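Hi,

Here is the structure I promised to pass on.

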Amino acid sequence: MPVSAEVLHTVTDQVSSITLNRPEALNALTPGQRDLVTGLLADASADPDIRAVVITGTGRGFCAGADLRRGAGAGERVAGDVARLLRSGAQRLIAAVLDCEKPVIAAVNGTAAGLGAHLALACDLVLAAESARFIEVFVRRGLVPDGGGAYLLPRLIGPQRAKELMFFGDALTAADAERLGLVNRVVPDAELDKTAREWAARLAAGPTRALVLTKQLVNASLDADRATAFAAEAAAQEINMTTADAREGVASFAARRSAEFKGR
């Protein structure tokens with residue numbers, strides 16, 4: 001997929017690194033950026049040589065949400081336009097993170113607001129710099145939360161906490177986000193990139209198919225009853241036992257050596 005100066009992309013040691021690069025706008029997402037990130041996630045999902053993804057930003061912002069200045073369409077709206085654009089835009093981006101067949105790490109380097117907060121929270125693991133802030137900014141603009149926020153937040157912290165964040169729109173510090181369970185780890189700003197690379201390297205060295213099946217099981221469990229969850233678990237284990245990594249895991253255990261997973 002083509003890249004641009006506004007979205008930096010590299011693949012190193014089987015890790016796809018996606019960096020939002022509009023620091024002057026706190027990395028607020030234009031439609032073009034949003035679609036590019038969505039495409040890069042789809043590419044990572046389909047590429048067997050990519051085994052982990054990291055999303056981060058440059059400057060003081062992780063992502064300040066949708067860029068309302070550059071993203072707002074001119075002219076009269078037609079009924080259904082907003083819903084249609086939301087489905088094909090913000091919701092599609094969040095779905096790409098949730099459905100990516102590789103583990104996705106958010107390295108939140110600064111402000112994550114609105115859609116930017118939801119982009120981070122949709123990731124499988126969230127690292128935050130001490131200076132990071134999370135803001136459900138929609139209420140400040142008289143808007144309803146979008147980009148999957150009303151789906152993600154209650155599942156992460158419960159409905160009352162989610163409503164508090166969404167009703168008031170107050171900035172949440174990285175430490176408070178960790179206390180609430182929105183963040184896996186808070187690290188000093190200078191250590192964020194190093195920690196993200198270390199975590200991504202560990203994931204990239206792991207049994208990729210087992211990890212993605214685990215991701216799918218956990219995500220689906222939030223909407224499933226016990227019987228459905230148990231059936232999905234059994235099916236996932238059946239599928240996973242056909243992989244080379246599962247065979248390697250069993251063989252390495254029997255031989256009392258470290259496993260060498262290939263992601264297949």
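Let's start with Glu24: this residue is exposed, with a relative accessible area of 64% (exposed means over 50% relative accessible area, buried under 20%, and partly exposed in between, using a 1.4 Å probe and protein chains only). Glu24 sits in the loop between strand S2 (15-20) and H1.

Before going on, a word on what you are looking at. This is a predicted model, where local features need pLDDT of at least 70 and side-chain atom pairs count only at pLDDT 80 or more, while totals for chains, interfaces and linings use all residues. Residues are numbered from 1 along each chain as its sequence is written, and side-chain values use heavy atoms, with hydrogens and water left out.

Now for Arg34, which belongs to helix H1 (residues 31-46). Is Arg34 buried or exposed? Arg34 counts as buried because its relative accessible area is 18%, under the 20% limit. Setting aside residues up to four places away in sequence, Arg34 touches Leu29, Gly89, Ala90 and Leu93 (contact means heavy atoms within 4.5 Å).

On to the inside. The largest nonpolar core has 47 residues; a core here is a set of buried Ala, Val, Leu, Ile, Met, Phe, Trp, Tyr and Cys residues joined through side-chain atoms within 4.5 Å. Leu41, Ile55, Phe62, Val108 and Phe134 have the most contacts inside this core. Leaving out neighbours within four places in sequence, the contacts of Leu41 include Ile18, Val53, Ile55 and Cys100. There is also a second, separate core of 14 residues, with Val15, Ala129, Ala196 and Trp199 among them.

As for the whole chain, it has 12 helices and 10 strands (DSSP runs numbered from the N terminus, with at least four residues of H or I for a helix and at least two of E for a strand). Buried residues make up 42% of the 264 in the chain. The C-alpha trace spans about 65 × 40 × 35 Å along its principal axes. Of the contacts between residues at least 6 apart in sequence, 69% join residues at least 24 apart.

Cheers
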